[in-house]
Amino acid sequence: VAIGAGIYWWVNDPAKILPAVSAVLIVACPCSLLLSATFTYGNMLRIFGRNKLYMKNASVIESLANVKSIVFDKTGTITQNHSSIVSYEGTPLTEPELQAVRTVTRQSSHPLSKIISSGLSVHTGKEPVLAQFREYTGKGLEANVNGLELKLGSASFINQFNGGFTSYDTGTHVHLMMNNVHMGRFTVSTQYRDGIANTIRQLRKEHFDLYVLSGDNNAERQNLERIFGSGTEIRFNQSPQQKLDFIRNLQHGAGGPMAHGRTHVLMLGDGLNDAGALMQSNVGIAVSENSAQFSPASDAILDSSKIGLLDRFIAYAKAGKRIVLASFILSILYNFVGLYFAVQGTLSPIIAAILMPASSISIVLFVTVLSSFVARRKGLGIST
C-alpha cells in the first residue's frame, strides 16, 4: 500500500510522497492485532486463576475451546477424598501395625492411599523407620517398616504374592498383607464431588462426548450411570497404559486412525496413575485437593472444589476465541479508516503517530473489559 501510494503521488504530486508513505507505514503497524490475543488471553488466564484453574500458558485456552470429548478418571477426580469413610475388615491390627500402614500410605500419591492415611486414627509417637518403599503405578505399593513387610493394593496385586486368596472384589477395597500373610482389606466409601451431577448434565446438553475410565472395579457402575447416563462408555479396571491407549484411539477415531475423524480430548485425572493419559490428551487437567501433589504432565491444575465449574470453564474458553476475533475486526477497521486518509496524503504522520498508540490502548481496554464482562455472564467471579 505504501509503495502504491508513493508511485501515485510521484506521478501526481511529488510533495505528498513523504507524508503519504510515512502515514501509511505508521497506520499499518500491526501492534493492535498483536495486542488483541495477548491481552485477551492474559486477562482470561487471570480470571481462570481466580477461579482456581491454573493453566500452563495461553495456548491451553485455545485447546480447551476446541475440545469435543471429555474423559474423566473416577477416584480422586469426580469422587472426593476428605469426606470418604474408611472401614477395615479382617485380622485386628495392633497400634504399631496401624502406625506402619499409616506411614506407608502417607508416602503414596494415589487417592485411595491418601484417604486411608487420613482415615486412620493412631496415637502418634516416634515415627517408624520406613525402608524399601516402592509403588507400582495403578496396582499397589510395598515397603518395610521397622522390619515389618507391608504390601497394600488391589486384589490382583496381592494375589501375586500368596497364590490367590480371592478372585473378585465387590467394592472399592485396598488389601493389606503383612509378612506375606493376608490380613484383611480397607473399604473406602465413595462420595461424589459437589456439583458434578449438574456439570455432567450441562455438558451432555451441549453434546460433548463423555467417558469414564477407572482403575477400580465396577462396584460404582450404577451410581456412575445415574450421573453420566446409561449411554456413556464407562470402563473399569483400567491400567495407566490402557488409559493412555484409550485417549490415543479416541483422538484418531474409535474405529481406528482417522476412521471417524480426529477429535480434541480433554482428560481430567488425579495422581500419577493418569500421568500418561494427561500427557497424551489435547488438554490434561490434574484435579487436586493438595497443591503439593499433582501430575507434572498436566496442562492445568484444577482445585477439586471447582470441578463443578468445568462446563463454565469450557464455555468461557470458547467465548475467548470470539473476543479475539471481535478485537481483530475492530483493529482492522482502525487500520482501514486510517489508511483511507493516509493514502490521500491528508493524514499528517505526526497525527498518525499519536492516533495509533491511542487505538492500541483502546483495543487493550476493549478486550479487558469484554473478557471480564463475559466471565461474569458465565458465572465466573473475578473478585479476589
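**Entry 1. Helix H5**

I started with H5, where Glu-97, Leu-98, Gln-99, Ala-100, Val-101, Thr-103, Val-104 and Thr-105 are buried. Buried here means under 20% relative accessible area, with exposed set at over 50% and partly exposed in between (1.4 Å probe, protein chains only). I note that this is a predicted model, in which local features need pLDDT of at least 70 and side-chain atom pairs count only at pLDDT 80 or more, while totals for chains, interfaces and linings use all residues. Residues are numbered from 1 along each chain as its sequence is written, and side-chain values use heavy atoms, with hydrogens and water left out.

H5 spans residues 95-105 and is mostly covered, with 8 of its 11 residues buried. Helices (H or I, at least four residues) and strands (E, at least two) are DSSP runs, numbered from the N terminus. I then looked up what covers the buried residues of H5; the list includes helix H6 (111-119), strand S4 (130-136), strand S5 (140-145), strand S6 (148-153), S7 and strand S8 (181-188).

**Entry 2. The antiparallel sheet**

I traced an open sheet of 6 strands in the order S3-S8-S7-S6-S5-S4, with antiparallel pairing. Two strands count as paired if DSSP finds at least two bridges between them. Strand S3 (86-90) and S4 are the edge strands; each has a single partner strand, so one side of each has no neighbour in the sheet. On average, neighbouring strands of this sheet are turned by 20° against each other, direction ignored. Axes are lines fitted to C-alpha atoms, for helices over the stretch in contact, and angles run from 0 to 180 degrees between N-to-C directions.

At the S4 end I checked the pairing with S5, which is antiparallel over 5 bridges. Leu-130 has Val-145 in S5 as its bridge partner. H5 packs on this sheet and touches S4, S5, S6, S7 and S8, its direction making about 55° with that of S6. H6 lies across S3, S5, S7 and S8, and runs at about 95° to S8. Contact means heavy atoms within 4.5 Å.

**Entry 3. His-175**

I looked up His-175, which is found in strand S7 (residues 173-178). At 1% relative accessibility, His-175 counts as buried. Its side chain is joined to that of His-182 by a polar contact of 3.2 Å. A polar contact is a pair of N or O atoms within 3.5 Å; within protein, one must be able to donate a hydrogen and the other to accept it, and residues adjacent in sequence count only if both atoms are side-chain atoms. I also checked Gly-90, which is 85 residues from His-175 along the chain; their C-alpha atoms are separated by 9.7 Å.

**Entry 4. The mixed sheet**

I found another open sheet, with 7 strands in the order S1-S13-S12-S11-S2-S9-S10 and mixed pairing. Strand S1 (53-55) and strand S10 (233-235) stand at its edges with a single partner strand each, so one side of each is left without a neighbour in the sheet. Neighbouring strands here are turned by 20° against each other on average, direction ignored.

Strand S2 (residues 69-73) and strand S9 (residues 209-213) run parallel and are joined by 5 bridges. Ser-69 has Asp-209 in S9 as its bridge partner. Helix H10 (residues 240-252) packs on the sheet and touches S2, S9, S10 and strand S11 (265-269); its direction makes about 170° with that of S2.

I then turned to strand S13 (residues 300-303), where Ala-300 and Leu-302 form a covered face and Ile-301 and Asp-303 an uncovered one. S1 and S13 run antiparallel, joined by 3 bridges, and Tyr-54 has Ile-301 as its bridge partner in S13. Strand S12 (residues 283-288) and S13 run parallel, joined by 4 bridges, and Ile-285 stands opposite Ala-300.

**Entry 5. Helices H2 and H13**

I checked helix H2 (residues 17-27) against helix H13 (residues 349-377): their axes come within 9 Å and cross at roughly 5°. That makes H2 roughly parallel to H13. Angles under 35 degrees count as roughly parallel, over 145 as roughly antiparallel, 65 to 115 as roughly perpendicular and the rest as oblique. Pro-19, Ser-22, Ala-23, Ile-26 and Val-27 in H2 meet Pro-349, Ala-352, Ala-353 and Met-356 in H13. By class, this contact has 8 nonpolar, 1 polar and no charged residues. Ala, Val, Leu, Ile, Met, Phe, Trp, Tyr, Cys and Pro count as nonpolar, Asp, Glu, Lys and Arg as charged, and the others, Gly among them, as polar.

**Entry 6. Thr-40**

I ended with Thr-40, in helix H3 (residues 31-50). Thr-40 is buried, at a relative accessible area of 0%. Leaving aside neighbours within four places in sequence, Thr-40 is in contact with Leu-35, Gly-320, Ile-323, Val-324 and Val-367.
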